[in-house]
Amino acid sequence: MQPLGARRVRGFFAVGLERPFTPVAHTVVNAAGSLLTLAVEHGREHLAAERRVRSAVLGLLLAGQAQAGVEALERLGDGLPDGPLSVLCAAGDIEAALEAAGSEFAAPLDGRTVVVVAGDRAEEVAAALAEHGPVGIGAPVALDDLRAGLDQADQALAAARRGSAGVMRFADLAGQGLLALLDPEASAAFATALLAPLREYGSRADLLESLRAYLACNGHWDAAAQRLGVHRHTLRYRMRRVAELLGRDLDDPAARAELWVALTVAG
């Protein structure tokens, strides 16, 4: 048995006979081991060079230099699929993910594996990648919009990690609404901190429900007061108190959006 590899062991070469090896057989085995080591190292160097080229091409594509990226691939006898493209982002072991991507265009990028496939191949390739870690799938995009596709795939991957899902599609994520894009722990901490002044205001828990009704009725006093069963002047007083406690202008759309998110997360 002989180890294969120059700087580190990359495999083993084993030969067995029913009788003791002759000196000539030993020489043949040693020569075969040396040739196999050269082949293994040469193959890995070629593969590493190919991956460096693909990483450079991916950088061109994401920078909006689509034509330059395509021409570089064509000179190498490679290319991208025709038609709409889907970007996949895979976490986990990069070597394993690149192997699972097969002949698809794939390259490592900032600790994850990015794979660009034809839109109708996304599901099949994602299933292979998911054997090694969570995967995010972007919606089909044109070649010039590859950056947007990567952003979508990254968001889907983040959601897959949070939810311990094997594969997450951006289209499904977008259909779950804005809250599906938020980190659960971060959004819960945000809601707790934002609403704390209202919760700590004595026993006046009605401030929270009044704010919820006010936002649900888009700031319409009569509708919100009717929902709460109070006079609109009572509701106006409560909203002034809410604004004072929170230090926010309830007529500001941004403030309303933050409060709506906080109330929704808080339940």
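Two strands are taken to pair if DSSP finds at least two bridges between them, and secondary-structure elements are DSSP runs numbered from the N terminus, namely helices (H or I, at least four residues) and strands (E, at least two). The model is predicted, so that local features need pLDDT of at least 70 and side-chain atom pairs count only at pLDDT 80 or more, whereas totals for chains, interfaces and linings use all residues. Residues are numbered from 1 along each chain as its sequence is written, and side-chain values use heavy atoms, with hydrogens and water left out.

Strand β6 (residues 135-137) and β3 are antiparallel and pair over 3 bridges. Strand β5 (residues 112-118) also runs antiparallel to β3, to which 6 bridges join it; in β5, valine 116 is the bridge partner of valine 87. Burial was assigned from relative accessible area (buried under 20%, exposed over 50%, partly exposed in between; 1.4 Å probe, protein chains only). Because 6 of the 6 residues of β3 (residues 85-90) are buried, the strand is largely enclosed by the rest of the structure. Both of its faces are covered, with Leu85, Val87 and Cys89 buried on one side and Ser86, Leu88 and Ala90 on the other.

Glutamate 104 is located in the loop between α3 (94-100) and β4 (105-109). The residue is buried, at a relative accessible area of 11%. Its side chain forms a polar contact with the side chain of arginine 121 (2.7 Å); such a contact is a pair of N or O atoms within 3.5 Å, where within protein one must be able to donate a hydrogen and the other to accept it, and residues adjacent in sequence count only if both atoms are side-chain atoms. With neighbours within four places in sequence left aside, glutamate 104 is in contact with Arg54, Val115, Val116, Val117, Arg121 and Val125, contact meaning heavy atoms within 4.5 Å.

Rings of Phe, Tyr and Trp (its six-membered ring) pair if their centres lie within 6.5 Å, with planes under 30 degrees apart counted as stacked, over 60 as edge-to-face and the rest as tilted. By this rule, the count is 1 aromatic pair. The ring centres of tyrosine 214 and tryptophan 221 are 5.0 Å apart and their planes lie at 40 degrees, so the pair is tilted. Tyrosine 214 is buried, with a relative accessible area of 2%, while tryptophan 221 is partly exposed at 22%.
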